[in-house]
Amino acid sequence: MPDWVVVLAVTLAYLALSLAVGLVSGRKASAGTVGYVAGDRTLGFLVLYFVLGASIFSAFAFLGGPGWAYSRGASAFYILSYGTVGMVPWFWYGPKVARLGRRHGYVTQAELFAHRFRSRGLSVVLAVLSLVAFIPYLTLQMQGAGYVFTTVTEGRIPVWAGAAIAYGVVLVYVFQSGVMGVAWTNTLQGMFMMALAWVLGLYLPWKLYGGVGPMFEALAEARPEMLAPPGLTASGETWSWGGYSSAIAVSAIGFSLWPHYFMKIYTARSVDTLRKSVVFYPTFQIFLIPILFIGFAGILRFPGVEPADAILPTILTSLDLPAVVVGLFCAGALAASMSTGDALVHAAAAVLVRDGYKVLVRPDLDPLREARLIRVLVVVISAVAYYFAVVSKVSLVALLLLSYGFIAQIAPVLLATFLFRRATTAGVLSGLVTGCATVVLLNLRPELQAWDVHPGIWGLAVNLAALALVSRWTTPLPEEHVREFVEA
Amino acid sequence: MPDRKRSGQLVHRLVVAWFVLVFLAMVWPLYVPMARVRPLVLGVPFSLAWIAGLLIASFFVLLGYHLHQGRARRGGDGDA
């Protein structure tokens, strides 16, 4: 039997297992929105831990992480750095969000903020912001999945068909089981990714150099510039400290604020479960280290691989590994893509209905119809992302770059919700709008970025200044209303 | 009881200060002296070992804080 058939069989077997887990897991959830979007707020520690880990570790981590280490050296350390502190704020604000969510029935991020600031406009702005950030992110996950299938079958299955197979599975289990399907498949995918990352990350340096130490010794001799932060830019020049440090800052600030991620706070069974998941999060984060080893392993032994993200499949197919092992790798890459993609599809549909349609058109929508509408939008959003992934020639990379800057602009809204009693609706909205406008402007005119600092950081500065100034000149919300949030 | 509350607040502030320091230790300018290849620590460049060390230390700091909070709650101190 040809190797590619074995590899494809292993990959399809993994997909079948994901589908089975996804379908079975949703059977106990209630039929309404809280069941479909927040899993009836019943997720325990283990599942929540894997949801948090696997949702963040996307196709970017599994293929892009080694690609960064391979082509840009130590600049890839920024991925490890921002995760070290990015999750920690949840430890403090997560329990507040969870308590308020139970009390008022929130299932999305914007519901909390819109309630705090009594603003439908804020809800709609956040819904638009979420979608602008989600679609390119989801599109990349689909392209990653399609790329895995093409590699596995040596080009016999094109990207469009691969993306359709993987995201067909995602669509079925998200449609049927909602967040419970996302949660339990993420548990399976998370365990699989972690095991694979450690095995590959330690095996490849051993196979190619005799160990991790000898690999870095060889690199330190031959290519020391690849090991010294801030590393290199995509064009091979030395990255600036301003660019490196601000990339860490903007990613750390936005890390826990991604709406699909934030929504998982509402799924926790208890405050203690939530805190415990945050505490143990670094045990997931540390798996990025072997992921980076894979990229470093390729620098001296496989020079000139293009695109750099192909370094892992290139190494694996060059080593004469058993087809089953290569198949497991492909399944791991699919797991990384799907575990992020499913959460994005599910969250995007919920946000559109709860923060857009329900707020603007049908405030009286009952939970059962709402859940049905979210399911319909799961299909629509998957189709739109699929179109961008395989049909449209429009590049979404620029939009993706914007999205990180945009998400960071939610941080002042969060601070205002829980800490700034004097913050007003006009203040928060003007901060959000001016902050995002600054991000757009600086992306369009990069020469205006002083010291190479990320546009998101400048956006935050403008955002906070507008929030403070406008809040000072406008009427604050009633004290008893604000107290519920500040003292939650 | 107020003493316990004060000590809880002090621990809270120390933990927050720790994470602010960790962030600063990974960016310019505090990270610059650590951004070097040698000595290799357990086979990895010093610059990477530094970040990994901060990640592991932060795990234990937050774990300790979580356990401390649990004890404080059991002692009737509320959410420290």
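The contact between the chains draws on 31 residues from chain A and 26 residues from chain B. On the chain A side, four helices each put in at least two residues: α5 (77–86), α10 (212–222), α11 (241–255) and α13 (271–285). Of the helices on this side, α13(A) gives the most, with six residues. Sorted by class, the side of chain A that touches chain B comes out at 21 nonpolar, seven polar and three charged residues. The model is a predicted one, and local features are described here only where pLDDT is at least 70.

Chain A itself is built from helices: 22 of them, with zero strands. Its radius of gyration is 22 Å, close to the 23 Å that the globule rule gives for 488 residues, so chain A is as compact as a globular protein of that length. Along the principal axes, the C-alpha atoms of chain A fill a box of roughly 70 × 50 × 45 Å. Of the 488 residues in the chain, 59% count as buried. Contacts in chain A also reach across the sequence: among those between residues at least 6 apart, 83% join residues at least 24 apart.

Helix α1 (residues 3–25) packs on α9(A) with the axes 7 Å apart and an angle of about 70 degrees. That angle falls in the 65 to 115 range, so α1(A) and α9(A) count as roughly perpendicular to each other. The crossing of α1(A) past α9(A) is left-handed. From α1(A), the residues making this contact include Leu15(A), Leu19(A), Gly22(A) and Leu23(A), while α9(A) brings, among others, Val169(A), Tyr173(A), Met180(A) and Trp184(A). By class, the contact of α1(A) with α9(A) has 13 nonpolar and seven polar residues, and no charged ones.

The second pair is helix α14 (residues 288–301) with helix α15 (residues 311–318), also in chain A; their axes come within 9 Å and cross at roughly 65 degrees. α14(A) and α15(A) are therefore roughly perpendicular to each other, and their crossing is left-handed. On the α14(A) side, Ile294(A), Gly295(A), Ala297(A) and Gly298(A) do the touching, and they meet Ile311(A), Leu312(A) and Ile315(A) of α15(A). This contact of α14(A) with α15(A) splits into five nonpolar and two polar residues, with no charged ones.

Back in α9, which spans residues 159–209 of chain A, sits Phe175(A). Phe175(A) has 22 C-beta neighbours inside 10 Å and so counts as buried, the cut-off being 20 or more. Leaving aside residues up to four places away in sequence, Phe175(A) touches Arg375(A), Val378(A) and Val379(A).

Helix α7 (residues 109–116) of chain A is mostly covered, with seven of its eight residues buried. The buried set is Gln109(A), Ala110(A), Glu111(A), Leu112(A), Phe113(A), Ala114(A) and Arg116(A). These buried residues pack against several other helices of chain A, namely α6 (89–104), α8 (120–152), α12 (259–262), α16 (323–360), α19 (411–418) and α22 (479–486). After α7(A) comes Arg118(A), with a positive phi near 45 degrees.

Most residues other than glycine have a negative phi, and most peptide bonds are trans. Glu154(A), although not a glycine, has a positive phi of about 55 degrees. Glu154(A) lies in the loop between α8 and α9 of chain A and, with 13 C-beta neighbours inside 10 Å, counts as partly exposed. Trp451(A) is not a glycine either, and its phi is positive at about 55 degrees. The loop holding Trp451(A) runs between α20 (425–444) and α21 (455–473) of chain A. With 12 C-beta neighbours inside 10 Å, Trp451(A) counts as exposed.

Pro29(B) sits in the loop between α1 (2–24) and α2 (46–74) of chain B.

Notes. Residues are numbered from 1 along each chain as its sequence is written. Chains are lettered from A and ligands numbered from 1 in the order in which they are written. This is a predicted model: local features need pLDDT of at least 70, side-chain atom pairs count only at pLDDT 80 or more; totals for chains, interfaces and linings use all residues. Two residues are in contact if their C-beta atoms, placed from the backbone, lie within 7 Å. Ala, Val, Leu, Ile, Met, Phe, Trp, Tyr, Cys and Pro count as nonpolar, Asp, Glu, Lys and Arg as charged, and the others, Gly among them, as polar. Axes are lines fitted to C-alpha atoms, for helices over the stretch in contact, and angles run from 0 to 180 degrees between N-to-C directions. Angles under 35 degrees count as roughly parallel, over 145 as roughly antiparallel, 65 to 115 as roughly perpendicular and the rest as oblique. A crossing is left-handed if the near helix is turned anticlockwise from the far one by less than a right angle, and right-handed if clockwise. The radius of gyration is taken over C-alpha atoms; the globule rule is 2.2 Å times the number of residues to the power 0.38.
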